[in-house]
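Welcome, and thanks for opening the viewer. Please keep the selection tool at hand, and we will walk from stop to stop together.

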Amino acid sequence: MLSKVDFVEDILIEPSCLYSDLENIIKAKLIAKVQGRITKEYGYLICVVNLGIIENGKILDTTGDILFSVKYSAIVMKPLKGEVVEGTIFKVNEHGIHVEVGPMTVYISKSKFPPKYEYNDTSKAYESQIDNLKLAKGTTVRFRITELQFTKGDNSSKFEWFPIGAMDENYLGPM
């Protein structure tokens, strides 16, 4: 799920920044531009870990701004179908649970829970009829990612991952 990937990105710098600490300005603009980005190929770009080669800048005729090509490394997180992961429940309703795994939210339907879990409207949690386990807000769970959808998010032009999970196998469920 996590990996280190090398990228190249173009960064635009105003002429007034040339007299400052140019490398730090380029790094700050790079981080602001790419950190948190989501792509289908690489998943979530978590953080820039290494600023590599900064190519000589090219002056743009129309504005006088300088365009730098920057090589860098970043940690990315891409969900994989079939992968077993752990996360924390942050939302519970009568249809299932929503689990946070880093920047990603995974939905698990109640039909994909271990056997004998019933929703308790009073406690807003699923309670096991077999043992004393609960699926409640704040509970850590282990589950398998069963489906992945990469679509535009609600109310935005940003793309997002919408993974679906299951806990109906051995060794999966509340921790």
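Are Phe-7 and Tyr-72 buried or exposed? Select both and have a look: Phe-7 is buried, and Tyr-72 is buried too. Before going further, please keep in mind that this is a predicted model.

The structure holds six aromatic pairs. Phe-7 and Tyr-72 make up one of them, a stacked pair with 5.5 Å from centre to centre and 25° between the planes. Now colour the strands they belong to. Phe-7 sits in strand S1 (residues 2-13) and Tyr-72 in strand S5 (residues 66-77), so the pair links distant parts of the chain, 65 residues apart.

**Stop two: an edge-to-face pair**

Next, select Phe-113 and Tyr-126. Their ring centres are 4.8 Å apart and their planes stand at 85°, so this pair is edge-to-face; planes over 60 degrees apart count that way. Phe-113 belongs to the loop between strand S8 (104-109) and S9, while Tyr-126 is in strand S10, so the pair ties together parts 13 residues apart in sequence. Both Phe-113 and Tyr-126 are buried.

Together with Phe-113 and Tyr-126, they form one aromatic cluster.

Show S9 together with strand S10 (residues 125-128). How many bridges join S9 and S10? There are four, and the pairing is antiparallel. For one of the contacts, pick Tyr-119: its bridge partner in S10 is Tyr-126.

While you are here, select Asp-121 and Lys-124. Their side chains meet in a salt bridge, 3.0 Å from N to O. Asp-121 is partly exposed at 48% relative accessibility, and Lys-124 is partly exposed at 44%.

Select Lys-116, in the loop between S8 and S9. Lys-116 is not a glycine, yet it has a positive phi of about 70°. With 53% relative accessibility, Lys-116 counts as exposed.

Then move to Tyr-171, in the loop between strand S13 (159-166) and strand S14 (173-174). Phi of Tyr-171 is positive as well, near 70°, and this residue is not a glycine either. Is Tyr-171 buried or exposed? Its relative accessibility is 75%, so Tyr-171 counts as exposed.

**Stop five: charged partners**

Side chains of opposite charge can pair when their charged atoms come close. How many salt bridges does the structure have? The count comes to eight, and you have already visited the one between Asp-121 and Lys-124.

Select Glu-14 and Lys-29 next. They form a salt bridge whose closest N and O atoms are 3.0 Å apart. Glu-14 lies in the loop between S1 and helix H1 (22-34), and Lys-29 is in helix H1, which puts the partners 15 residues apart. Glu-14 is partly exposed, with a relative accessible area of 31%, and Lys-29 is partly exposed with 29%.

Now jump to Arg-142 and Glu-86. In this salt bridge the closest N and O atoms are 2.7 Å apart. Arg-142 is in strand S12 (residues 140-152) and Glu-86 in strand S6 (residues 84-93), so the pair ties together parts 56 residues apart in sequence. Arg-142 is partly exposed, with a relative accessible area of 26%, and Glu-86 is partly exposed with 41%.

To finish this stop, select Glu-9, Lys-33 and Arg-37, which are linked in a network of salt bridges.

**Last stop: the cysteines**

Select Cys-17 and Cys-47. Cys-17 counts as buried at 14% relative accessibility, whereas Cys-47 is partly exposed with a relative accessible area of 25%. How many disulfides does a search of the whole structure find? The search finds zero.

Technical notes
Residues are numbered from 1 along each chain as its sequence is written. This is a predicted model: local features need pLDDT of at least 70, side-chain atom pairs count only at pLDDT 80 or more; totals for chains, interfaces and linings use all residues. Side-chain values use heavy atoms; hydrogens and water are left out. Two strands pair if DSSP finds at least two bridges between them. Helices (H or I, at least four residues) and strands (E, at least two) are DSSP runs, numbered from the N terminus. Rings of Phe, Tyr and Trp (its six-membered ring) pair if their centres lie within 6.5 Å; planes under 30 degrees apart count as stacked, over 60 as edge-to-face and the rest as tilted. Buried means under 20% relative accessible area, exposed over 50%, partly exposed in between (1.4 Å probe, protein chains only). A disulfide is a pair of cysteine sulfur atoms within 2.5 Å. A salt bridge is a side-chain nitrogen of Lys or Arg within 4 Å of a carboxyl oxygen of Asp or Glu.
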